[in-house]
Structures are given as structure tokens and as C-alpha cells.
Amino acid sequence: MAFRSVFDASFIKAEFEKAGINTHCIPSIWKYVIQNPNCDWPEIPSLPLAAYSLLSSKFKPCTSIVDSVLDSTDQVTNKLLIKLQNGAFVEAVIMRYDSSLGKYGGKPRPGGPRSTLCISSQVGCKMGCKFCATGTMGFKSNLSTGEIVEQLVHASRLSPIRNVVFMGMGEPLNNYTALVEAIRVMTAYPFQLSPKKITVSTVGIIHAINKLHGDLPNLNLAVSLHAPVQDIRCQIMPAARAFPLEKLMASLAEYQKKSQQKIFIEYIMLDGVNDEEQQAHQLGRLLETFEVVVNLIPFNPIGELSQFRTSRDQKVTRFQTILRSTYNIRTTVRKQMGQDISGACGQLVIDLPGKKSAGVASLTDIEDLHL
């Protein structure tokens with residue numbers, strides 16, 4: 001029998017209720033497991049007697065293990081290769097930042113060191129984006145709530161995590177139920193992350209976006225737009241055929257009306273495909289009625305998989321200038337991190353048995369975009 005993760009929230013709650021055990025002790029179990037990763041159930045103090053036998057028969061403290069950790073020479077990025085109970089692998093990436101470095105508005109930035117964790121939601125991905133290495137794996141399986149949360153548990157043992165971004169392997173909104181439950185666990189005791197420190201990235205799953213604010217208020221939404229017109233989106237993102245740009249933008253307008261929050265727009269810069277001045281103006285007109293932050297992402301070639309080229313720095317700068325100056329849209333260029341450990345957000349791919357992946361880590365801390 002396969003054991004369930006103790007962080008599979010709905011399952012453990014249902015099992016406790018069925019056994020007549022008070023569910024109020026579940027968060028204290030989670031806290032003990034976080035602090036004592038290799039614990040045995042009898043070591044946890046002050047649980048009802050029936051809880052010990054139930055935990056032993058149906059649950060593991062963690063169903064996944066950290067197979068390996070790659071440390072970048074930049075000394076601020078770590079990639080975790082995590083082996084699931086079924087033998088599959090996913091990757092998570094820790095990125096450390098010091099928000100006090102540099103200036104904003106001519107003044108020193110507030111804050112200090114913090115870590116952001118990039119989490120996977122699926123093994124592989126069915127979206128098939130042509131610039132993304134993960135898509136070459138195809139779709140293998142959804143992660144359970146526990147398998148999603150366990151990435152945070154593993155990462156927290158290496159660095160205190162304050163921000164979480166669902167920008168790893170998979171399309172988060174295609175694993176909607178587990179995603180929502182995992183975030184509810186992360187924002188409750190003992191993790192207690194602020195919803196404002198959690199960002200969910202999507203290619204634009206319209207029906208899920210329509211539900212998201214009601215289920216997870218105060219969350220950050222990031223949309224992988226990558227092109228200002230439907231035909232280019234369909235060329236580089238086959239899944240866009242199911243989510244027409246006009247309907248997607250209407251959905252985002254309704255989301256913003258309800259949430260009253262900025263939406264983050266992700267835009268990968270592909271030379272000669274979507275990086276011309278004409279497309280900058282098209283994007284500006286598309287977004288000028290929204291409250292958004294556009295994040296321009298320099299494309300990182302992914303070895304043999306690359307059919308695209310990286311946009312020249314001058315083109316990226318010109319694209320950014322048009323959005324800022326002509327349309328008054330806040331636009332950032334994503335910072336490159338951990339290039340030597342292939343820890344790319346959106347470019348993670350498990351290549352076993354060598355356990356190597358292709359890609360480049362590149363992620364601007366989402367919290368900085370609020371400043």
C-alpha cells in the first residue's frame with residue numbers, strides 16, 4: 001500500500017474525522033515534522049493515542065526525498081532534484097535575494113536577505129510551449145497536495161523561505177484542486193506564508209482564472225503571455241488555441257476588477273518572433289487599460305531543443321522603453337541567476353538516468369516588483 005504524505009491536508013483531515021480524532025492536532029504534527037524531518041510517529045508528543053496508530057498505518061512524514069542539491073557558483077541559487085514516492089522526479093529552485101542592495105526612487109531599498117522558492121506542480125507539462133524544455137517531457141502526472149507542500153518542507157531546511165512562486169514544472173492551474181489546497185496549507189499554521197508572497201503563473205487557463213480569486217484571495221497572478229496577438233501565441237504556445245487572447249484578456253479584466261491587484265505579465269523575448277517594436281506597441285495597447293507589471297525574460301537556449309535565438313540587449317531595452325515611455329507600463333527585465341546549474345523557471349526538464357536538465361535560472365524576485 002502506498003502511504004500518503006502527512007501534508008495531504010484533505011486526506012489526513014478526513015481520516016482523523018472518520019477515526020473520531022480531533023483534527024486540531026494536525027498543524028502541530030506538521031510543525032513537528034518540519035522541525036524533525038526523520039522522525040518516527042511515536043516521537044511526536046501529546047497526540048491522542050488513536051492518532052499514532054492511524055499515522056503509522058497510512059501516512060509518512062514525507063513521501064518524497066531530496067535526491068540531490070546543485071549549488072550555483074553565484075552562491076545564491078540552489079536546485080533541488082526531488083524523487084517522488086512513485087519514482088518520478090521534479091525540480092524546485094531556491095533563489096536568495098538581498099532587497100537592501102541597490103536603490104529605488106533614489107533611496108535605499110528597505111528589507112534584507114530573503115529566499116524565494118520556485119515550486120513544481122506537475123511532473124512534466126501538457127502545454128507544449130516550444131521555448132520551454134519542460135514541455136519536451138510531455139505530461140506525466142499531477143502532484144498531490146502533499147508532494148507540492150513537501151517541496152517547501154525540503155527547501156526550508158536549506159533556507160528560510162519567505163516567497164513562493166509556482167513557476168516550476170507544470171501548469172499550476174491544470175492541477176487546480178491540489179494547488180488551492182497546497183496554498184491553503186502554506187498560508188496556515190505552521191508555515192504562515194502571506195498570500196501576498198505567493199505567485200501562481202499560468203499560460204492562461206481561463207476557466208480556472210475565473211475561479212481563482214474566490215478560492216485564493218490576495219494571491220499574485222502571473223500570466224505567461226509571450227505575444228501580443230493570437231497567431232504568434234499559437235505558433236509558440238500551442239495551448240493558446242484553446243484560450244483565445246480576446247477571451248483571456250476579458251477574464252483578466254474581470255479578475256482584476258474583483259481582486260483590485262496588479263497582474264504580472266511574463267514575456268519571453270524571442271529574436272525575430274515577438275521582440276520587434278511593432279509588437280511592443282501591440283502589447284502596450286493590449287495592456288494599457290490594465291494595472292500590470294511586465295516582466296521581460298531573456299530567452300536562454302536549451303541545447304539541442306532550441307529553435308529560437310536570444311533577443312539582443314538593444315532590442316530588449318528598446319522594447320522596455322516603448323512600454324514604459326509610450327504606454328506608462330511598468331516593465332522589468334528578469335535577472336539571471338544560477339545559469340550553471342540549469343535551474344530555469346519554465347525551462348526545467350528531467351533527463352534521467354543522468355539526472356541532468358537543460359535551461360538557465362532566471363527569476364526576478366516577485367516581491368521586488370511591488371516596490
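**View 1. Q260, an exposed residue with a positive phi.** At 65% relative accessibility, Q260 counts as exposed (exposed is over 50% relative accessible area, buried is under 20%, and partly exposed is in between, with a 1.4 Å probe and protein chains only). Q260 isn't a glycine, yet its phi is positive, about 55°. You'll find Q260 in the loop between helix 8 (245-259) and strand 14 (263-269); helices (H or I, at least four residues) and strands (E, at least two) are DSSP runs, numbered from the N terminus. A heads-up on the model: it's predicted, so local features need pLDDT of at least 70 and side-chain atom pairs count only at pLDDT 80 or more, while totals for chains, interfaces and linings use all residues. Residue numbers start from 1 along each chain as its sequence is written, and side-chain values use heavy atoms, with hydrogens and water left out.

**View 2. N218, a non-glycine with a positive phi.** Here phi is about 75° at N218. The residue sits in the loop between helix 6 (206-215) and strand 13 (220-224). With 37% relative accessibility, N218 counts as partly exposed.

**View 3. The cis peptide bond from Y189 to P190.** Omega is near 5° for this bond. P190 belongs to the loop between helix 5 (176-186) and strand 12 (198-202).

**View 4. K79 and its polar contact with E91.** K79 is part of strand 4 (residues 77-83) and counts as buried because its relative accessibility is 5%. Its side chain makes a polar contact with the side chain of E91 at 3.5 Å (a polar contact is a pair of N or O atoms within 3.5 Å; within protein, one must be able to donate a hydrogen and the other to accept it, and residues adjacent in sequence count only if both atoms are side-chain atoms).

**View 5. R334 and E266, joined through their side chains.** The polar contact between these two comes in at 3.2 Å. R334 lies in the segment after strand 16 (330-333), and at 4% relative accessibility R334 counts as buried.

**View 6. A nonpolar surface patch of V66, V69 and L158.** Together, V66, V69 and L158 have about 200 Å² of accessible area, worked out by the Shrake-Rupley method with a 1.4 Å probe, where only the protein chains shown count as cover for residues. Patches take residues with over 30% relative accessible area and no salt bridge, joining like charges within 9 Å and nonpolar side chains (Val, Leu, Ile, Met, Phe, Trp, Tyr) within 5 Å; a salt bridge is a side-chain nitrogen of Lys or Arg within 4 Å of a carboxyl oxygen of Asp or Glu. V66 lies in strand 3 (residues 65-71) and, at 33% relative accessibility, counts as partly exposed.
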